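Please read it alongside the sequence and the coordinates.

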Amino acid sequence: MQAPTVQELQLRAMLDASQEAILTFDAQGSVIDANAAAEHLFRFGQSELKGARVVNLITELRDDLPYFIDQIHQHSANHQTLSLDTFIHTSNAQAVPVQLTLRLLPHTDSTSGERFVALFSDRSRELALQEQLRNALQGLGLKKPDTATVFHTRNYLKERFNEVKTLAMASAPTACVAVACINIDRFKRVNDLLGYDAGDHAITAIGHRIDAFLRHESDANGWDVGMCRLSGDEFALVLISEHPLIGLTDWCKRLQNCLGEPLETHNQRFVFSLSAGVASGVLVHSEFEALLTDSEMSMRAVKMRGGNDCLTYNAQEGQTPRPRATEHNVILGMERKQFQPFFQPKVCSDTGQILGFEALLRWQHPERGLIPLGEFLPVLESSSLMLDVGLQIFEQVVATMAQWQAKGVNLPVSFNVSNGELLSEHFRTSLSRLVKEAGVSPDQIYLEITETVLANLGSTGEDIFNELQQAGFRLSVDDFGVGTSSLSRLRSIPLREIKVDRSFISDVTSSSRDLELLRGIVNLAKNLGLEVVIEGVESPQQLSIAKSLGHLSIQGFCYSRAVNPMQALELIERQPFAIH
């Protein structure tokens, strides 16, 4: 027998030093050599492995070895290796999961015929950890609540989150997580009307509904879920998936719908809506408290603008935690004129012409770009800075309208006003002063008030609305259909326009009932002499349905997102929009 060459001895020493199991084999599938790690993995001695058939050792190669040899050649031609997950079979007939890498060995003068190398990475521990992760994730789920006080606590959910995160670091580094903070809108009315026992009963029933919803979503999407009660009418929900969590906005809509059916307590029936904020990211890069804070801030922003909606924030993998908005940096943003109006067109359903715009608040930071609304709106509201920022934005809006009018463009603009702004006499008188200084007619301004704000202001609001109408402004009800008003009640308010909430168009393509409800709202509004805007029209199918409702305005991504003033002027110059 010929003694091994120095080169072969060196190669053998390198193979034995490797912690990866390595086999070499020829084109007929016979093992030529094996290192010490391979002997340990297969539970065979070297003499037993040499000459063995790789098809008897590796499950994936059993069916068609020539096919895999051909694949190795193709990958080698492209300077690549062939990798696959499979099983190997040990001397005691145990099947071990492995990641297998195959490649062609370079031909040398001392070798005859082709040789191939197989590298094995044992996946037993990895798969065991993944199974442990799945079992741990299941522990995030709710125990069945039987009173309003036995929901899991915030600390419990945080501990479970951290346990799962630790496991994910080893076995599921790409797993994604979302934390939702939800508040039940106007829940206090149950306690005020029926007492705290009724409130406890109602919040427990709501908890059961959300629990059932989460379990259904878990089964439908393969998500793992958890839930805790943060306070009287607030909950935190956790969603974890081994794959990207797409469609969170649609998930929020389904969550809102789960409360759509009337709930009975103490012989009284209630219908609840909810405000939700959602923060998401890669699990191993996320912190529970940070996600919960992000989601809570977004939820507060929803509450400030009337409730019954959802805001989402997504943290990218490896992203440095974003700085929190504070009164200090909000004041700096205001002083440096970083708050700006963006404009979204309202388009005629018949002609495709732009009938007007809605001005929307944006924070254009010089370093961070556009800052999410949910990050800074709660700070504005809680610090009373909203009045100052609102007037600063309104001043920019009327200045932009004056510039457009100088170019021959005379289009009305809608401007959102909050509860606090409406109640401020200084704010209301400043609106009149600013339109006068800009040389803009107030009847070119639609002041948008959410339906919830209308209900909260009561008779005081009617006096304010009459005052604003007498000052020349037009009044519009935003997000109509999700609050507590009715069209008949709105006849006592000097309205010019209603904007039908986007929830009515979102499911209209799949629900004839939703279509009839939408058609009924539009027809009633027209009978009352009100202009109608359909919000949130995104798809061609939704656009076609909105156009079928007769003459009205359409607003949504199907035409344009909110854009800066220069881009808005370009939209005006390019109109009309194509009629599909």
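Are Phe357 and Trp404 buried or exposed? Both Phe357 and Trp404 are buried, where buried means under 20% relative accessible area, exposed means over 50% and partly exposed lies in between, with a 1.4 Å probe and protein chains only.

## Basis and overall make-up

This is a predicted model, in which local features need pLDDT of at least 70 and side-chain atom pairs count only at pLDDT 80 or more, whereas totals for chains, interfaces and linings use all residues. Residues are numbered from 1 along each chain as its sequence is written, and side-chain values use heavy atoms, with hydrogens and water left out.

The secondary structure of the chain comes to 22 helices and 21 strands; these are DSSP runs numbered from the N terminus, helices being H or I with at least four residues and strands being E with at least two. Of the 580 residues in the chain, 50% are buried. Among contacts (heavy atoms within 4.5 Å) between residues at least 6 apart in sequence, 66% join residues at least 24 apart.

## An open antiparallel sheet

Five strands form an open sheet in the order E2-E1-E5-E4-E3, with antiparallel pairing, two strands being paired if DSSP finds at least two bridges between them. At the edges lie strand E2 (31-34) and strand E3 (82-89), each of which pairs on one side only. From one strand to the next the twist averages 30 degrees, based on axes that are lines fitted to C-alpha atoms (for helices over the stretch in contact), with angles running from 0 to 180 degrees between N-to-C directions.

Within this sheet, strand E4 (residues 95-104) and strand E5 (residues 115-122) run antiparallel and are joined by seven bridges. Thr101 stands opposite Leu119 in E5.

## Aromatic pairs and charges over rings

A search of the whole structure finds 13 aromatic pairs, counted when rings of Phe, Tyr and Trp (its six-membered ring) have centres within 6.5 Å, with planes under 30 degrees apart taken as stacked, over 60 as edge-to-face and the rest as tilted. The rings of Phe357 and Trp404 have centres 5.3 Å apart and planes at 50 degrees, so this pair is tilted. Because Phe357 lies in strand E14 (residues 354-365) and Trp404 in helix H14 (residues 385-406), the pair ties together parts that are 47 residues apart in sequence.

For Trp363 and Phe376, the ring centres are 5.4 Å apart and the planes stand at 90 degrees, so the pair is edge-to-face. Trp363 is in strand E14 and Phe376 in helix H13 (residues 373-383), 13 residues apart, and both are buried. Together with Phe339, Trp363 and Phe376 form one aromatic cluster. Elsewhere, the charged end of Lys346 sits over the ring of Tyr446, 4.8 Å from its centre, while that of Arg561 sits over the ring of Phe557, 4.0 Å from its centre; the criterion is NZ of Lys or CZ of Arg within 6 Å of the ring centre and within 35 degrees of the ring normal.

Helix H21 (residues 540-547) has Gln542, Leu543, Ile545 and Ala546 as its buried residues. Seen down the axis of H21, they fall within an arc of 165 degrees, so they line one face of the helix; the arc is that of the directions from the helix axis to the C-beta atoms. These buried residues pack against helix H19 (503-506), helix H20 (512-527) and strand E21 (553-554).

Asn183 lies in strand E6 (residues 176-184) and counts as buried at 4% relative accessibility. Leaving aside residues up to four places away in sequence, Asn183 touches Asp233, Glu234, Ser273, Leu274, Ser275, Met299 and Lys303.
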